[in-house]
Amino acid sequence: MVSVLCLPLQAQTVYWHFEDAESLKAEGIRWLSVKEQVELVPGYKGKALRTDGYSTYIEAEWPEGARTVSAWFALESFPTDTAAFVSVRNEKGDSFSLCVDRFGELCGGIGTKGKMRFYPLKAKVDKFAWFHLAISFEQNGTVCYLDGKPLSSLPESFAVSSPAVLRVGKDFREKKNGIYDVTAINGLIDEVEIASSLDVARLREDAEQPKPEAILAIPEVRFRDDFNRPTYHLLPAANWTNETHGLICYKGKYHIFNQKNASSITLSQINWGHFTSPDLIHWTEEKPALTPDCDYDKDGIWSGCAIINDEGIPELLYTSGGEPRGISIAFPANDSLVIWDKYKKNPVIDGHPAGYTRTDMRDPYVWKEGKTWYMIVGYGIEDTVNPHGALLLYKSKDAKKWKYVHLLFEGNPKVDHTGVFWEMPFFHKFGDKYVLQVNRVPEPGIPARSQYWVGEFKDEKFIPDNPIPQNLEVINRLLSPSIWPLNQDSAVAMAIIPDEISAEVNYKQGWAHVYSLPRIITLKDGKLVQSPYPLLKSLRTDSCRIERRRLDASAVCPLPNKSCRVELDITFYPGRATRFGLTLGKNPEGTEATSIYFDLQKEELIVDQRRSSLREGIPLQLRKDVYKPNHPGKVNLHLFIDGSVIEGFIDNIDAFTTRIFPLHRNSTQIELFADGEVEVEATGWQLKEAKVKVNF
């Protein structure tokens with residue numbers, strides 16, 4: 001935690017205006033954050049202080065004689081736990097906090113002897129809008145105000161006197177989810193006033209005036225120096241994201257949704273984030289489409305899918321994280337698909353089917369077969385001898401009322417290594433064959449992995465051509481693809497590429513995980529074939545070319561590179577070589593480097609990241625898997641490098657991904673190498689940024 005900007009407060013009425021960092025010093029504020037510098041953005045008046053939801057807040061000494069405190073606030077997200085807008089702690093260590101819970105309900109918290117008691121104030125605040133809060137510590141009790149109106153009275157009073165400490169944006173409690181504080185707000189703070197009394201009439205008058213737009217976009221300064229943050233891949237504005245889902249094209253615009261926690265970098269308080277795009281390359285992040293606010297989804301809006309139903313209306317089907325787990329539906333308010341309304345008859349599936357014991361079920365995928373809608377839901381069979389993954393099958397005439405049928409398909413991990421639970425499935429017909437893809441969940445010693453079968457759909461059962469699934473990628477990193485059909489034979493897919501770095505690195509970094517570039521998938525000879533989305537060529541700028549030449553163990557061949565955004569198209573002609581590939585992410589001193597190469601003798605593809613970073617908390621691993629080239633005598637390697645992301649395509653058939661997080665900005669060198677004689681030709685392009693815009 002960094003602490004700066006500390007000067008004593010004045011005894012009279014104090015105003016904090018946040019116009020610049022120097023004014024913070026003059027106003028005597030202690031700014032605390034993991035961030036390197038104060039983030040000041042457009043506010044209610046002039047500038048406001050931007051917080052991050054888990055590490056940023058301000059505090060100061062309570063002025064002598066002061067009895068009231070007030071401020072303007074705007075939230076991007078509700079907290080992962082009850083968090084404080086304003087807190088005051090007296091010399092005894094007791095405290096009072098005006099708080100908000102994870103559903104936007106206001107409450108007052110009184111802390112004594114390390115324990116906090118919360119009392120509802122029977123009022124709620126909205127996200128993405130300015131509101132005014134005030135506290136008056138009076139002789140006959142503590143009174144809280146929202147937009148100038150007094151809230152429900154508290155059964156306890158709190159005495160404030162100097163010396164005391166005022167904290168804005170965080171509670172005095174110590175409560176964490178892992179290393180993340182959950183008592184801080186994510187949003188804007190402006191116009192803090194500490195005084196001897198409140199002018200309630202003025203507060204009401206101010207609250208009745210038109211309010212400016214609350215601009216919650218993350219300031220550019222937050223990630224300005226983060227060269228590992230991708231700039232042409234899709235990722236949210238900040239903090240935590242998980243799987244993509246619900247890729248859909250409607251009225252000429254693409255939409256994709258994601259698991260999002262804007263309040264912290266942890267898997268909790270999950271909303272459905274939402275992105276829109278005209279071309280799958282340039283994206284805008286919209287306000288969350290769905291947020292947990294009902295009993296049936298209070299613990300999270302988990303993954304699902306999107307369809308266009310028989311009325312031509314888009315429909316979201318999602319996992320509602322209440323008790324029990326279920327499946328729910330939402331419909332758009334209009335054709336922009338930005339605002340969504342939950343179905344009044346939710347949940348449409350309330351808990352697991354009779355006859356099964358496992359309560360966890362999640363991630364519906366829906367498709368239409370003839371006149372019947374079908375849904376599969378990820379599940380696991382609890383078996384003492386052979387616990388295994390399975391898919392629950394439901395069907396419907398209208399995509400609203402669903403009836404359980406039976407298991408579509410179930411695994412046998414002793415034979416197929418598909419684990420004990422399946423999530424994020426898709427089931428799609430390519431030509432005359434069906435592809436069933438699932439994500440096995442991780443177990444001790446067994447990582448998550450995307451696997452698929454090819455087969456038939458007969459008598460409402462999936463019959464695989466081969467009981468042993470294939471891996472979606474050669475090197476296991478990319479997970480949970482979301483697809484949208486382009487025609488009868490092909491689809492576009494996007495997926496998550498996890499960081500796999502330590503929580504401490506994520507904490508300092510301020511974001512976690514990224515999504516893959518769009519890729520084309522087709523089925524050929526019983527195998528999913530993957531290639532880059534053609535419109536990615538629109539990002540190309542400066543290019544360099546290496547004409548076909550000999551490369552052997554006595555020398556390496558450097559490729560010019562000026563940035564962390566590169567596309568490489570390399571063709572190797574192995575000849576007598578036994579190993580060939582490239583080193584990238586290398587600095588001039590050679591202390592950081594990652595190697596990607598083919599070993600023809602062992603028939604392996606290797607990603608060697610044991611020297612990829614000098615940062616602490618970065619996994620330094622050697623990953624490999626069985627791989628035999630598709631064409632004897634020729635191997636094409638097509639790479640996209642974007643900060644920490646590397647996506648690779650081999651012969652426009654196979655794919656792999658990985659992540660690197662070098663410490664040094666100049667770790668950008670690229671070199672081709674070989675053991676034995678090989679010929680090589682290559683073209684490289686610098687790529688333009690396609691940063692995600694925000695619509696909030």
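Visitor: With which side chain does the side chain of D499 make a polar contact at 2.6 Å?

Guide: In this predicted model, a polar contact is read from a pair of N or O atoms lying within 3.5 Å. Here the side chain of D499 makes such a contact with the side chain of R659, at 2.6 Å, and a further polar contact, of 3.2 Å, joins the side chains of D499 and N506.

Visitor: Is D499 buried or exposed?

Guide: A residue is called buried when its relative accessible area is under 20%. The relative accessible area of D499 is 1%, and D499 is therefore buried. Setting aside residues up to four places away in sequence, D499 touches R477, N506, Q509, W511, A512, H513, V514, R659 and F661, a list that includes R659, the partner in the 2.6 Å polar contact.

Visitor: In which loop is the place of I281, and is I281 buried or exposed?

Guide: I281 is found in the loop between strand 21, which covers 271–277, and strand 22, which covers 284–290. Its relative accessibility is 3%, so I281 counts as buried.

Visitor: Which residues is I281 in contact with, leaving aside its neighbours within four places in sequence?

Guide: Contacts of this kind can link parts of the chain that are separated in sequence, so both the list and the numbering deserve attention. For I281 the partners are P518, Y533, L535, L536, L539 and A690.

Visitor: How many helices and strands does the protein chain have?

Guide: The secondary structure of the protein chain amounts to four helices and 55 strands. Its radius of gyration is 28 Å, close to the 26 Å that the globule rule gives for 696 residues, so the chain is as compact as a globular protein of that length. The C-alpha trace spans about 85 × 65 × 50 Å along its principal axes.

Visitor: What share of the residues in the protein chain is buried?

Guide: Buried residues make up 61% of the 696 residues, and D499 is one of the buried residues. Among contacts with a separation of 6 or more, 62% come from residues 24 or more positions apart.

Definitions and conventions
Residues are numbered from 1 along each chain as its sequence is written. This is a predicted model: local features need pLDDT of at least 70, side-chain atom pairs count only at pLDDT 80 or more; totals for chains, interfaces and linings use all residues. Side-chain values use heavy atoms; hydrogens and water are left out. Buried means under 20% relative accessible area, exposed over 50%, partly exposed in between (1.4 Å probe, protein chains only). A polar contact is a pair of N or O atoms within 3.5 Å; within protein, one must be able to donate a hydrogen and the other to accept it, and residues adjacent in sequence count only if both atoms are side-chain atoms. Contact means heavy atoms within 4.5 Å. Helices (H or I, at least four residues) and strands (E, at least two) are DSSP runs, numbered from the N terminus. The radius of gyration is taken over C-alpha atoms; the globule rule is 2.2 Å times the number of residues to the power 0.38.
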